[in-house]
Amino acid sequence: MPVLELVAGFDIFANGHAQPVEDPDATRADGAAYRWLHFDINSEAAATWMRANLPAIPAAAMIQTETRPRSNAFGEGVLINLRGINLNTGAQEDDMVSLRMWLTEDLLVTGRFRRIFAMDDLVKMAADGKAPATPGGLVAEICEGLSGRIEDVSLKLEDDADNLEDDLLDMGHVDAMRLAATRRKAIRLRRHIIPSRDAMHVLASPETPQIGPDESALLRESANRMDRSVEEILAVGDRLTAVADQLDAITANKIGRNSYILSVVAAIFLPLGFLTGLFGMNVGGMPWTAWPWGFLAISGIMAIIGIGLYLLFRARNWL
């Protein structure tokens, strides 16, 4: 049978002191306000423990490979799924990581498939004896850590959009691959951040009894930061669409201008081509075939026609 190992586990007291827990089935420490268990869901042993110790629906939701952000009450607890910025080495920030939580009055179970740096900060906080006094407070701190990192990325994305707009205004072009990558990032962030924001608003509502008034205030602040991030990302998406449209218009104008120039050149050389074709016919009766100055005469006529057409087009502002 696989050995169950916790990413982190603590019995937390009202004064913020936290006692490490290695066995999730061990009796809670005397006087502890609640227990926090943090699992790596890649472990089959963790999935087995959740099936055995959590209600059926939350347990199944905690170990699902694919989830979407949400906050739903089930009996005495609340199932919470959120997304965080992926700061793992070699990963893309917009490939967001999933955090699953089961919250009751005296227990918080959290699980992740990939490392979440916001959770590492809270593990350190608990180890330093500065843990929140309630599980709802810990959830609020988790949301604050997630929303702060999301806000940082949204501001960075806004700077990227500013740079693309500046490049277009200053140089008349932008790197198409860079533009496409930035638009893709905005789309993927929007997909996950909007439902995460909605889940935080639900958590902060009075209908969530596991969240106290002080914790609701912090959650509302985190949800407000998420609102700003969503607004920034939506605005970035619109701005990048405008950049792409303007880039298409500039490209179309260049193509149209080049096509126009080629048409004018073709119009000038059309009668010249007619003359060369006419005098190039190898039939009897062609004039000036025996005249020594015939070639120069034809060349002069063609030069006059070409210059005349050029001057005519300039006079009519066709060039």
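These notebook entries record what I looked up in the structure.

**Entry 1. Ground rules.** I worked from a predicted model, in which local features need pLDDT of at least 70, side-chain atom pairs count only at pLDDT 80 or more, and totals for chains, interfaces and linings use all residues. Residues are numbered from 1 along each chain as its sequence is written, and side-chain values use heavy atoms, with hydrogens and water left out.

**Entry 2. Overall fold.** I counted 7 helices and 7 strands in the protein chain; helices (H or I, at least four residues) and strands (E, at least two) are DSSP runs, numbered from the N terminus. Along the sequence I read the pattern β-β-β-α-α-β-β-β-β-α-α-α-α-α. The radius of gyration is 35 Å, well over the 20 Å that the globule rule gives for 319 residues, so the protein chain is more spread out than a compact globule. That radius is taken over C-alpha atoms, and the rule is 2.2 Å times the number of residues to the power 0.38. I noted spans of about 120 × 45 × 35 Å for the C-alpha trace along its principal axes.

Entry 3. Buried means under 20% relative accessible area, exposed over 50%, and partly exposed in between (1.4 Å probe, protein chains only). Of the contacts (heavy atoms within 4.5 Å) between residues at least 6 apart in sequence, 63% join residues at least 24 apart.

**Entry 4. The E4-E5 hairpin.** I looked up strands E4 (residues 70-74) and E5 (residues 77-84), which run antiparallel and are joined by 5 bridges; two strands pair if DSSP finds at least two bridges between them. The two strands form a hairpin with 2 residues between them, and Gly-75 in the turn has a positive phi of about 60°. I recorded Leu-79 in E5 as the bridge partner of Asn-72.

**Entry 5. Phe-74.** I placed Phe-74 in strand E4. Phe-74 counts as partly exposed because its relative accessibility is 22%. Not counting residues up to four places away in sequence, Phe-74 touches Ile-57, Pro-58, Leu-79 and Trp-102. Its C-alpha atom is separated by 9.9 Å from that of Leu-103, 29 residues apart along the chain.

**Entry 6. Glu-22.** I located Glu-22 in the loop between strand E2 (18-20) and strand E3 (34-40). With 73% relative accessibility, Glu-22 counts as exposed. From C-alpha to C-alpha, Glu-22 and Arg-188 are 37 Å apart in space and 166 residues apart in sequence.
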